[in-house]
Every structure is written in C-alpha cells, then in structure tokens.
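Reader: I'd like to learn how to read a helical model, one feature at a time. Could you walk me through it?

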Amino acid sequence: DFANEYYRKAISQHCDASQYNGAAMLEERMASNHSKKKHFEASIEDYERASKLYTAANMHDSADRTRSRTAYLLGTVGRIRDAAYSYQSHAIGQTNQNIKKFNVPHIMLRAGVLLLSDCLQRSPELDFSEIREMVEEIYSLDCRFEESREHAFLVDMMHCVTHGDLDKFADCLYSFNSLSEFDDLMLDALEGIKNAVAGQAEKTKQEK
C-alpha cells in the first residue's frame, strides 16, 4: 500500500546516505504495523532487517530488542525450530557484550525448551543430541551457563521425558515459574513437553 511504499523509499534514501539508524527505526515501525495487523511473516522480515540496520548503526540495544522480537514472532507463527535457533543466535550476540552476558542463560533456556518441544513433536525417539549440541556451543562462549539454574531446568526437562516422571516435571515447573514467569510461547512449548512426559509414563506403565 501507499504507506509501505513511502517507508521503503525513505529507508532506501537513509541507507544511501549511510543513515542506518533512521532506516532501522522506519523498518521497526513497519514491523510493528504489520504485527498489529497480524501480518506476522511480513513483520518478521521487517524486524530482521531492522536488527541488521541497528547493528550497522552500532545501536546494540535496539538491535537486541528487534532480534528478540523476531524470535518471538517465529514461535508465534509455529516456526518453532527457527525460533529456537533465532534465540540461540541472540544469546551468542549477548556473549560479546560484557553487561549483557547475564542475559545468556535466560535466552538460552527459551532456545532449548523450544527446540526440545519441536524435537519431541517431530519424532517419538528420545534423541536429545540436537539440544545438547545447541547448549554445548554456548559453553565455549560462556562457561557460566552450564552452572545456571536455567541449564539445570533444561536438563531436568530431558530427564523427565526420558523417565516419564510427571511428578518431577510438575515440581520443576512450579519451582522455576515461581522465580521467573513463563510467557505464552514458553507455556505452549512446555505443554508439548508435558504431553511427551505423560506419553513416556504411560509407555513405561504398559511395559511393566
């Protein structure tokens, strides 16, 4: 429509003049407008471009904000695996910023839970190698993640699935959520994990 054409022309002019901050703000405004209209795929593309432009303008806080929004919207439209790796990429970027390193466990928990949920949905096999590879990549960048409560929670989730332990699942969820509330995206992923735990519990019961 006319508004999008106007924004695109203005963004192009800002980029030609190396005014990346102005271009990024317009991209983010377009992304927000698309999101309000529930045009999520278009919003995702705009947020991705905004993040790159903010990075080019050395506006790292704004780049992080739009990168996080991209990951969230990917999950919203059902692209769970893409969302997981988008969060991982976001976490990797945080490891290069001294103050923001403390955000890494929280972001990686989102990445790991989403990927675990996706893996369980795609295959009944209890193969967690992809999740382990994802978190091990972070170990080399930020060794503190392995000792975090977020990492412990992710390990507990895999344990619960393997052993069909619904009681432990409920205890872990209650304990963690009392300290850090889960949003709708995480709750949906955890619901899928809970179903896998229940399925494994039933399978174990039948085998006895």
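Author: Gladly! Helices here are DSSP runs of H or I with at least four residues, numbered from the N terminus. Keep in mind that the model is predicted.

Reader: Is Ser43 buried or exposed, and why?

Author: Buried means under 20% relative accessible area. Ser43 has 0% relative accessibility, so Ser43 counts as buried. Leaving aside residues up to four places away in sequence, Ser43 touches Ala31, His34, Ser35 and Leu73.

Reader: Which residues touch the most other members of the largest nonpolar core?

Author: A nonpolar core joins buried residues such as Val, Met and Phe through side-chain atoms within 4.5 Å. The largest one here has 45 residues, and Met108, Val113, Phe153 and Ile193 touch the most other members. Helices H3 to H10 each supply at least two residues of this core, with the largest share, 11 residues, coming from H6. A second, separate core of 11 residues includes Ile11, Ala24, Met30 and Tyr54.

Reader: What does Met108 touch, beyond residues up to four places away in sequence?

Author: Its partners are Gln88, Ala91, Met134, Val135, Ile138 and Phe145.

Reader: How far apart are the end C-alpha atoms of H10?

Author: They are 35 Å apart; at 1.5 Å a residue, the 24 residues of H10 should span 34 Å, so the two agree. The buried residues of H10, among them Leu185, Ile193 and Gln200, pack against H4, H5, H6, H8 and H9.

Notes. Residues numbered from 1 in each chain as written. Predicted model: local features only at pLDDT ≥ 70, side-chain atom pairs only at ≥ 80, totals over all residues. Heavy atoms only, no water. Buried < 20%, exposed > 50% of the residue type's maximum accessible area, 1.4 Å probe, protein only. Contact = heavy atoms within 4.5 Å. Expected span 1.5 Å × (residues − 1).
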